[in-house]
Amino acid sequence: MTDFDLDARLASLPLLSRTALPPLPAQELCASARFVCQQAASRRQHLARLPDFDLDQFDALPRVVAALEASEADLIESQRVHGPIVARLCDEAVALRTRFVQAARYFLRHSPEALRRVESLSHDRGVEALAIDLGHICELAARHENALKRACDLPANLAATARRLACALCLNEERPELRALQERRNAIYWLLCDALNELVAALRYLDPEATCAFAAAPNADSPHETTLFFERRVACLPALDWAQHQHAARHLQELH
């Protein structure tokens, strides 16, 4: 039994941890954490003797993983039940992304950099992932307009269409109840990242010649390098400033 208090740990995180979106799927991080924990189980006594190593956090890692999975499930469920508007927008965005990928693989085949960005699209149906993918599509459509306009199955105004859909999805992300679920999911994600990085560093110190490669998790303290900010990834979209202004105005009304 440990003294690890998950809510207290989450409250101590910087505000950035609540707004920075995960750069990798939560399921992927959870799988990595479980794998590293299994490898570390036999080294617990050695870990306990390391200066400044947080043994309570290590013992609580399975709880943190379970909390992240539960929080991710709550977020997905909230997005799923939010009526037909979001479902329709998601269907439209998924269809556009699918057509874009199929066309881009052919019409951009001579541009390795463009193809790399096309293949990096998430293919996730979540609102956040779709908006981020649409932001990428908007940028690629503007940069390779001449090549992509020859695709008969894409809108003639592809960049504008992707921009419109991304903005609509952004606005739907402003629901307070969804934002609260998202912020908790984000915070747990970055808490797990930090705990996993601490554990990996300790394991590498204890056994530098280990045959098992321990991969470090992303770091929330370096958002410009590793995190995917919802606002930053679609910052080129004209309606985003308006959406943020609307959110700020509603917040002021709530304060008064």
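Student: How many helices and how many strands does the chain have?

Tutor: The chain has 15 helices and zero strands. Please keep in mind that this is a predicted model.

Student: What share of the residues is buried?

Tutor: Of the 256 residues in the chain, 45% count as buried.

Student: Let us turn to the core. Which residues of the largest nonpolar core touch the most other members?

Tutor: They are Leu47, Phe53, Phe58, Leu68, Leu192 and Leu199, in a core of 36 residues. At least two residues of this core come from each of α1 (6–11), α3 (26–40), α5 (55–59), α6 (61–80) and α12 (176–206).

Student: Which helix gives the largest share?

Tutor: That is α12, which supplies 13 residues of this core.

Student: What does Leu199 touch, leaving out residues up to four places away in sequence?

Tutor: Leu199 touches Val36, Cys37, Ala40, Leu47, Phe53, Phe58 and Leu61. There is also a second, separate core of 31 residues, and its members include Val86, Cys90, Ala162 and Leu165.

Student: Now the helix packing. How is a pair of packed helices described?

Tutor: One gives the angle between the two axes and the distance between them.

Student: Then what are those values for α6 and α12?

Tutor: The axes of α6 and α12 come within 9 Å and cross at roughly 155°. Since angles over 145 degrees count as roughly antiparallel, α6 is therefore roughly antiparallel to α12. The crossing of α6 past α12 is left-handed.

Student: Which residues meet there?

Tutor: On the α6 side they include Leu61, Val64, Leu68 and Leu75, and on the α12 side they include Leu181, Ile188, Leu192 and Leu199. The residues of this contact between α6 and α12 divide into 14 nonpolar, four polar and four charged.

Student: What angle and axis distance do α3 and α6 have?

Tutor: α3 and α6 pack at an angle of about 165°, and their axes are 10 Å apart. They are therefore roughly antiparallel to each other. α3 also passes α6 in a left-handed crossing.

Student: Which residues make that contact?

Tutor: Ala26, Gln27, Leu29, Cys30, Ala33, Arg34 and Cys37 in α3 meet Leu61, Val65, Leu68, Glu69 and Glu72 in α6. By class, the contact of α3 with α6 has eight nonpolar, one polar and three charged residues.

Student: A change of topic: where is Arg117, and is it buried or exposed?

Tutor: Arg117 lies in helix α8 (residues 112–119). Its relative accessible area is 12%, so Arg117 is buried, as buried means under 20%.

Student: What is Arg117 in contact with, apart from its neighbours within four places in sequence?

Tutor: Arg117 is in contact with His136, Glu139, Leu140 and Arg143.

Student: One more residue. Where is Asp52, and is it buried or exposed?

Tutor: Asp52 is in the loop between α4 (44–48) and α5. With a relative accessible area of 78%, Asp52 is exposed, because exposed means over 50%.

Student: What is the phi of Asp52?

Tutor: Phi of Asp52 is near 65°, which is a positive value in a residue other than glycine.

Methods: Residues numbered from 1 in each chain as written. Predicted model: local features only at pLDDT ≥ 70, side-chain atom pairs only at ≥ 80, totals over all residues. Heavy atoms only, no water. Core = buried A, V, L, I, M, F, W, Y, C linked by side-chain atoms within 4.5 Å. Buried < 20%, exposed > 50% of the residue type's maximum accessible area, 1.4 Å probe, protein only. Helix = DSSP H or I, 4+ residues; strand = E, 2+ residues; numbered from the N terminus. Contact = heavy atoms within 4.5 Å. Axes fitted to C-alpha atoms, helices over the stretch in contact; angles between N-to-C directions. Parallel < 35°, antiparallel > 145°, perpendicular 65-115°, else oblique. Left-handed = near helix turned anticlockwise from the far one by under 90°. Nonpolar A, V, L, I, M, F, W, Y, C, P; charged D, E, K, R; others polar.
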